[in-house]
Amino acid sequence: MNKLFVESLLLSLLVTLMSCGSKKSEVRETPAPAPFEADVRFASLDSLADFMMEEFSAQSVDEFVNRYEQQAVAIQSYGILNHRKEDKYPLDETVCSDLRELADSLSGGSTMDMVMCGRIWRGVCHYLTARDYVGKSKNPLYQAEMRDWLALEEELGNLYCDLSYLTFWGGTIAHVVASGSYWTLAETRQNDYSKLCNKGPFDTDQMWTIASARENFLQELADAKSFDIDDPDMYDREGFIALSNQMRERADKVVVLLDKWLASRGELCKAEGIPDSHTANLVAQLGNHIMEIIEE
């Protein structure tokens with residue numbers, strides 16, 4: 001009996017050791033992640049800029065993140081192919097600096113150059129905003145705020161665009177102003193969101209409460225809805241009226257989307273201890289840009 005017990009115990013230990021050895025072997029044999037392979041399509045700054053400028057409308061947060069991931073691959077590819085030995089700054093910051101310099105070089109050129117300038121800046125701002133969001137994306141409050149912002153940004157950006165074309169009706173400068181308005185919206189959000197995600201420094205301008213900033217925004221929307229050009233001989237008056245009607249419909253949608261975003265934004269800021277003045281300042285900037293377009 002003792003001999004059988006000892007043999008059974010030894011067999012059990014042997015099986016256990018073999019099992020452990022097998023598991024260790026499995027762990028050791030797990031392949032390492034494949035090294036990043038740069039996409040040669042983005043070997044030049046022009047090719048990267050073309051990709052960053054591509055028109056994109058995020059209908060959901062998932063689409064927003066997916067676009068960011070595509071941009072990140074393009075940016076990292078360009079960085080590896082052109083800044084391989086540089087490590088003074090994070091690689092994507094170095095590449096974004098290259099893109100900004102390219103945009104600045106176009107800012108004083110032809111109409112098309114200036115349009116491209118605005119589109120490059122917009123692409124960079126969206127990338128940086130998405131990069132900040134990815135670090136917070138597991139938090140449902142950040143998810144809700146971003147979801148409602150994307151809907152507001154889409155309609156508000158199109159409103160700015162409509163106003164740009166109405167203000168400079170028939171002029172090529174309208175393309176530049178429209179491109180710049182999209183850029184301004186993206187940059188305003190990016191500056192705001194960076195502070196939101198990094199816990200400051202927050203905007204604490206006591207001139208605005210959320211209620212007063214919202215009221216100011218609604219007044220500027222009302223001014224936009226009443227915008228007209230007093231010229232009976234203006235080019236394509238019917239087209240102007242049609243675009244005016246479209247802009248007014250957008251303005252009504254913007255109000256609904258603004259209030260929805262303010263609700264989710266309020267919940268996030270309350271949970272994170274972010275002052276209302278920071279949100280109020282953002283809303284004030286969004287409203288002020290309406291008048292900046294009309295009064296240019």
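Student: Which residues touch the most other members of the largest nonpolar core?

Tutor: In this predicted model, the largest nonpolar core comprises 72 residues. In soluble globular proteins, nonpolar side chains tend to be buried together. Within this core, the residues that touch the most other members are Trp 149, Leu 156, Phe 217 and Ile 290.

Student: With which residues is Ile 290 in contact, leaving aside its neighbours within four places in sequence?

Tutor: One of these contacts is Phe 217, which is listed with Ile 290 among the core residues that touch the most other members.

Student: Is H4 roughly parallel or roughly antiparallel to H5?

Tutor: Helix H4, residues 91–106, packs against helix H5, residues 111–134, with the axes 8 Å apart and at an angle of about 160°. Because angles over 145 degrees count as roughly antiparallel, the orientation of H4 relative to H5 is roughly antiparallel.

Student: Is Arg 214 buried, partly exposed or exposed?

Tutor: Arg 214 is found in helix H8, residues 210–225, and, not counting residues up to four places away in sequence, touches Val 255, Leu 258, Asp 259, Leu 262 and Val 283. Since buried means under 20% relative accessible area and exposed means over 50%, the value of 25% for Arg 214 makes this residue partly exposed.

Terms used: Residues are numbered from 1 along each chain as its sequence is written. This is a predicted model: local features need pLDDT of at least 70, side-chain atom pairs count only at pLDDT 80 or more; totals for chains, interfaces and linings use all residues. Side-chain values use heavy atoms; hydrogens and water are left out. Axes are lines fitted to C-alpha atoms, for helices over the stretch in contact, and angles run from 0 to 180 degrees between N-to-C directions. Helices (H or I, at least four residues) and strands (E, at least two) are DSSP runs, numbered from the N terminus. Angles under 35 degrees count as roughly parallel, over 145 as roughly antiparallel, 65 to 115 as roughly perpendicular and the rest as oblique. Buried means under 20% relative accessible area, exposed over 50%, partly exposed in between (1.4 Å probe, protein chains only). Contact means heavy atoms within 4.5 Å. A nonpolar core is a set of buried Ala, Val, Leu, Ile, Met, Phe, Trp, Tyr and Cys residues joined through side-chain atoms within 4.5 Å.
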